[in-house]
Amino acid sequence: MPRILGVDIPNEKPVYVSLTYLYGIGKVTALDICHKLNINPQLKAKDLTDDELSRIVNMLDTDYSVEGQLRRATTQDIARLRDIQSYRGIRHRRGLPVRGQNTQTNARTRKGGKKTVAGKKGVKDARH
């Protein structure tokens, strides 16, 4: 398995698909990298030469923010929002949706599983 920036990329997949295993690189960026470096995107990752691998690593280091560097930047951005106590920072801190989504019935991914609250005794009796 070729190793790029500390990540093992799959052997049997095309280069452009294998590059998407790096955090911060999607399909379009992977194809763009292949075209800039004149590497056939359909070539299997195991068939890359050492020269091609080193050119990919050099380009990722110079032109793109990926893996640890990108994760660190994202974490710092969220920490800054929390520190200045902006609305988005407060939502991050409370574990609620940040971008204005409805939370009354949905948002289970962000809020976690349902927490059942027991009803008051005698409420049913009062209705009847």
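Buried residues make up 29% of the 128 residues in this predicted protein model. Buried means under 20% relative accessible area, exposed means over 50%, and partly exposed lies in between, with a 1.4 Å probe and protein chains only. Residues are numbered from 1 along each chain as its sequence is written. In this predicted model, local features need pLDDT of at least 70, side-chain atom pairs count only at pLDDT 80 or more, and totals for chains, interfaces and linings use all residues.

The protein has 7 helices and 2 strands. Helices (H or I, at least four residues) and strands (E, at least two) are DSSP runs, numbered from the N terminus. Along the sequence, the order is β-β-α-α-α-α-α-α-α. The radius of gyration is 23 Å, well over the 14 Å of the globule rule for 128 residues, so the protein is more spread out than a compact globule. That radius is taken over C-alpha atoms; the rule is 2.2 Å times the number of residues to the power 0.38. The C-alpha atoms fill a box of roughly 80 × 35 × 20 Å along the principal axes.

Now to helix α2.

| Part of α2 (residues 27-36) | Residues |
|---|---|
| Buried | A30, I33 and C34 |
| Exposed, on the face turned away from the buried side | V28 and H35 |

The buried residues A30, I33 and C34 cover an arc of only 100 degrees around the axis, which puts them on the same side of α2. The arc is that of the directions from the helix axis to the C-beta atoms. These buried residues pack against α1 (15-19) and α3 (50-63), where contact means heavy atoms within 4.5 Å. Just after α2, N38 takes a positive phi of about 55 degrees.

How values were computed: Heavy atoms only, no water.
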